[in-house]
Amino acid sequence: MAQAAAVAKPPAPPRPRRRASATPRRLPYLLIAPAALLMLGFIAYPVISVFYYSLQNYNPTKPWRNGYAGLDNFVQIFTKDPQFWDTLTFSAKWVLVEVGLQLLFGLALALIVNQTFVGRGLGRALVFSPWAVSGVLTSAIWVLLYNSQTGITRYLADLGIGSYGTSWLSDTSTVFSAAVVADLWRGVPFFAILILADLQSVSKDLYEAAEVDGASKIKQFWHITLPHLKDAIILSTLLRAVWEFNNVDLLYTLTGGGPAGETTTLPLYIANTSVDAHNFGYASALTTVAFVILLFCSMVYLRLSKFGGGSK
């Protein structure tokens with residue numbers, strides 16, 4: 001009996017471990033698959049179509065000329081189309097002026113509404129409200145304001161400033177400034193919203209410590225506020241630059257690209273080429289060039305600005 005009890009029982013073989021089901025791990029991907037496929041279809045198909053038609057001669061009104069063109073459309077853009085360079089130059093000017101002024105005024109507004117004062121909530125609502133207005137409605141508002149019979153110029157003429165019947169949108173010397181002001185009204189709140197949101201996360205202890213050390217308001221802004229806002233400013237300027245480059249609705253409604261093509265941007269030129277002239281192959285080539293320009297400029301800008309470099 002004792003000898004039998006002393007004999008150790010062999011250990012039981014380990015139970016085979018159940019393999020974890022693959023379904024729970026794949027479930028999140030299965031749930032987002034329908035939305036991802038829809039997004040892929042709505043984004044990938046138009047992009048691929050544009051690249052395809054950029055290599056074609058495609059004009060529904062002249063089907064006998066349709067066919068494979070190779071790089072002919074691109075050769076024409078860079079060597080035989082002076083309007084491309086004119087619209088590209090104006091687009092660059094439009095983006096630089098608009099984004100620069102919107103950033104400047106948006107930063108100032110964000111700093112103002114970030115302060116504590118009576119009626120701050122109402123002030124913020126008034127500052128941010130233009131961003132909720134669509135581009136076409138913004139254009140309609142400013143078309144009425146610039147109307148030579150009932151707009152701003154009529155009231156200025158009543159005050160002895162200027163003359164009656166003046167139209168800022170039909171004068172080549174004033175149309176650019178008038179369009180810039182109209183777009184500033186809607187674009188400034190975008191910067192103010194993003195910058196104000198980032199200002200809310202700045203620790204008050206930093207400003208209190210700076211005041212104890214005798215730092216002035218200007219030094220506090222330069223050494224505390226601006227470094228903290230670096231990523232927000234880089235991201236907002238990049239997004240707004242892309243949107244302003246692709247701006248069609250406001251300029252089309254305000255000026256139609258005129259007078260004498262003075263306010264025709266590259267996207268507006270593309271729209272006129274495709275919709276009015278029905279030259280979809282050449283318009284697709286212009287769109288491809290604009291896409292490459294935006295992609296290259298965005299990459300260079302993010303590289304030079306060191307976005308996300310942890311400056312906070």
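Analyst: The overall picture comes before single residues. This is a predicted model, where local features need pLDDT of at least 70, side-chain atom pairs count only at pLDDT 80 or more, and totals for chains, interfaces and linings use all residues. Residues are numbered from 1 along each chain as its sequence is written, and side-chain values use heavy atoms, leaving out hydrogens and water.

User: How many helices and strands are in the protein?

Analyst: Helices (H or I, at least four residues) and strands (E, at least two) are DSSP runs, numbered from the N terminus. By that rule, the protein has 13 helices and two strands.

User: What is the radius of gyration of the protein, and what would a compact globule of 312 residues have?

Analyst: The radius is taken over C-alpha atoms, and the globule rule is 2.2 Å times the number of residues to the power 0.38. The C-alpha atoms fill a box of roughly 125 × 75 × 35 Å along the principal axes. A compact globule of 312 residues would come near 20 Å, but the protein has 30 Å.

User: Is Gln56 buried or exposed?

Analyst: Gln56 lies in strand β1, residues 56–57. Buried means under 20% relative accessible area, exposed over 50%, and partly exposed in between (1.4 Å probe, protein chains only). Because its relative accessibility is 13%, Gln56 counts as buried.

User: Which backbone nitrogen does the side chain of Gln56 reach?

Analyst: Contact means heavy atoms within 4.5 Å. Leaving out residues up to four places away in sequence, Gln56 touches Gly67, Tyr68, Ala69, Asn73 and Gly281. At 3.4 Å, the Gln56 side chain reaches the backbone nitrogen of Tyr68.

User: Which residues does a cis peptide bond join?

Analyst: Most peptide bonds are trans. Here omega is about -5°. Pro259 is found in the loop between α11 (249–254) and α12 (266–276). The cis bond joins Gly258 and Pro259.

User: Is Ala260 buried or exposed?

Analyst: Ala260 lies in the loop between α11 and α12. Its phi is positive, about 55°, although Ala260 is not a glycine. Most residues other than glycine have a negative phi. With a relative accessible area of 78%, Ala260 is exposed.

User: What is the phi of His278?

Analyst: His278 lies in the loop between α12 and α13 (280–305). At 32% relative accessibility, His278 counts as partly exposed. His278 is not a glycine, yet its phi is positive, at about 60°.

Technical notes:
A polar contact is a pair of N or O atoms within 3.5 Å; within protein, one must be able to donate a hydrogen and the other to accept it, and residues adjacent in sequence count only if both atoms are side-chain atoms.
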